[in-house]
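Please open the model in a viewer and keep the selection panel at hand.

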Amino acid sequence: MDIPTQTVDVSDCEAMRMCHQLARSQGLLCGPVSGMNVAAALKVAQTLIEKEHRKEGTSNKDKAPIIICTVLPDNGIKYLDTLFNACWIKASYGIELEAIEPLNRQFKESSSSFEKLQAFRVVDIIGETPLIDLTHYVNNVNDCKARLLAKVEFFNPGFSIKDRIVRNIFTTAEKNGVLQPGMTVVAASSGNTGAATAMMCAIRGYKCIITTSQKCSQEKMDAIRAYGAELLVSPPGAQEGDENHYMNMAKNMAKTNPDWFDVDQYQNPYNPEAHCLTLGPEIWEQTNGKITHFIAAGSTGGTVCGTTRCLKERNPNIRSVLADPVGSIFTEYFHKRTHGKPGKFLVEGVGKGSIPGCMDIDVIDEVLPVKDCQAFRMCSKMAREEGILAGGSAGLNVFAGIVLANRLTTPGIVVTVLPDSGIKYQSKVYCREWLETNQVL
């Protein structure tokens with residue numbers, strides 16, 4: 001088949017619609033040029049298909065497959081306040097967001113329509129994230145040659161480590177018949193699990209409702225909505241245990257609606273299992289089994305506990321350290337197995353005011369408390385010196401990892417995680433006004 005050379009006209013409105021269709025049907029949060037490229041590719045495909053149908057004397061089996069490639073230049077999280085903002089769309093195009101129909105959706109586990117192509121679905125590119133070297137931040141004052149490495153988890157398609165657990169929870173629930181077509185999925189989240197759940201629902205065709213708190217950044221809230229999910233935010237001041245706390249909102253809605261599926265990331269055993277099946281083995285292989293310490297903050301406990309179990313099965317001498325924001329109850333609970341009221345802390349997605357079922361404190365060897373200011377300064381340092389734009393929990397993990405590595409008196413390999421992207425926190429962690437208002441500069 002001759003490759004046609006032509007131009008394809010795509011209007012702003014068509015590009016915008018395609019961006020929303022990709023987000024709601026494929027779980028792809030893309031920028032406007034990506035929407036334009038895909039819309040143009042579909043027009044070319046339709047033209048070629050019609051041309052093939054007009055040919056006479058050629059059976060379908062004799063026809064070569066039409067393979068069209070395009071590019072998705074950037075991610076849609078950069079355009080949440082415009083392209084994915086209902087008010088902006090209404091003002092710019094006179095279109096109600098709800099009027100944009102999703103693409104036809106047919107989810108299959110297979111990677112590609114053509115077996116020999118190296119082409120994947122969104123769910124196939126979750127995990128296998130790179131491990132980067134941050135050893136130059138370690139002073140090595142004891143001349144022990146300690147190394148600090150970090151898994152770049154914002155390379156996942158939903159821009160966070162939570163894609164791992166949501167995929168495992170959905171796949172297992174569908175296999176067990178607990179999650180079936182036509183059901184509504186509800187999830188309580190501080191943001192990232194909500195976005196991952198909304199993304200997975202878009203791919204697999206479920207209605208999605210996410211509950212969160214006022215602490216969740218605006219960027220994460222907008223991302224959840226961009227995937228087509230309904231977002232419910234608990235009222236200011238709601239405490240864990242209150243009926244109107246976001247965790248209880250999701251739990252109560254699932255209880256009163258039998259055809260709803262609750263992701264329940266805080267108690268769901270398939271949360272830590274996901275890390276035991278994926279993150280742990282990846283770290284072991286990428287370090288050639290030489291990892292000596294794993295350090296990560298916890299909220300549900302899934303990441304640190306699931307990964308620790310996997311690593312300790314391979315080498316019981318590996319030390320597991322929980323990095324904990326000052327104000328979280330985990331530090332006190334680790335030392336006393338009791339806890340008082342939580343204090344205030346600003347780092348999102350880590351720390352807690354109660355003990356989730358997925359937090360197995362017995363697999364933890366040590367807890368390192370980290371202040372908000374230490375976490376946020378580390379974020380700024382990584383952005384300006386390494387070009388790594390990461391979220392507050394990544395700053396917390398790396399700061400704690402440096403402290404741990406500097407204490408070692410024998411050679412060791414310390415591994416941590418960068419859970420999500422800093423682009424989700426431009427209005428907070430990377431906003432000088434917000435930092436000054438919250439007195440963390």
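Begin with the largest cavity, whose volume is about 250 Å³. The model is predicted, so that local features need pLDDT of at least 70 and side-chain atom pairs pLDDT 80 or more, while totals for chains, interfaces and linings use all residues. Residues are numbered from 1 along each chain as its sequence is written, and side-chain values use heavy atoms, without hydrogens and water. A cavity is a set of points on a 1 Å grid over the protein atoms alone where a 1.4 Å probe fits but cannot get out, and lining residues have an atom within 4 Å of a point. Its volume is the space filled by probe spheres set on the points, which are joined across faces, edges and corners.

Select I161, K162, G349, V350 and P419, the closest to the centre of the largest cavity among its 27 lining residues. Next, colour helix 10 (302-314), which gives the most to this lining, with three residues. (Helices are DSSP runs of H or I, at least four residues, numbered from the N terminus.)

Move to the second largest cavity, of about 50 Å³. Its lining includes F376, G392 and W434.

Finally, select helix 12 (residues 372-386) and helix 13 (residues 392-407), which pack at about 95° with axes 7 Å apart. Axes are lines fitted to C-alpha atoms over the stretch in contact, and angles run from 0 to 180 degrees between N-to-C directions. The two helices are therefore roughly perpendicular (65 to 115 degrees).

Conventions: Parallel < 35°, antiparallel > 145°, perpendicular 65-115°, else oblique. 1 Å grid on protein atoms, 1.4 Å probe; cavity = no way out; pocket = protein on both sides within 12 Å on 5 of 7 lines; lining within 4 Å.
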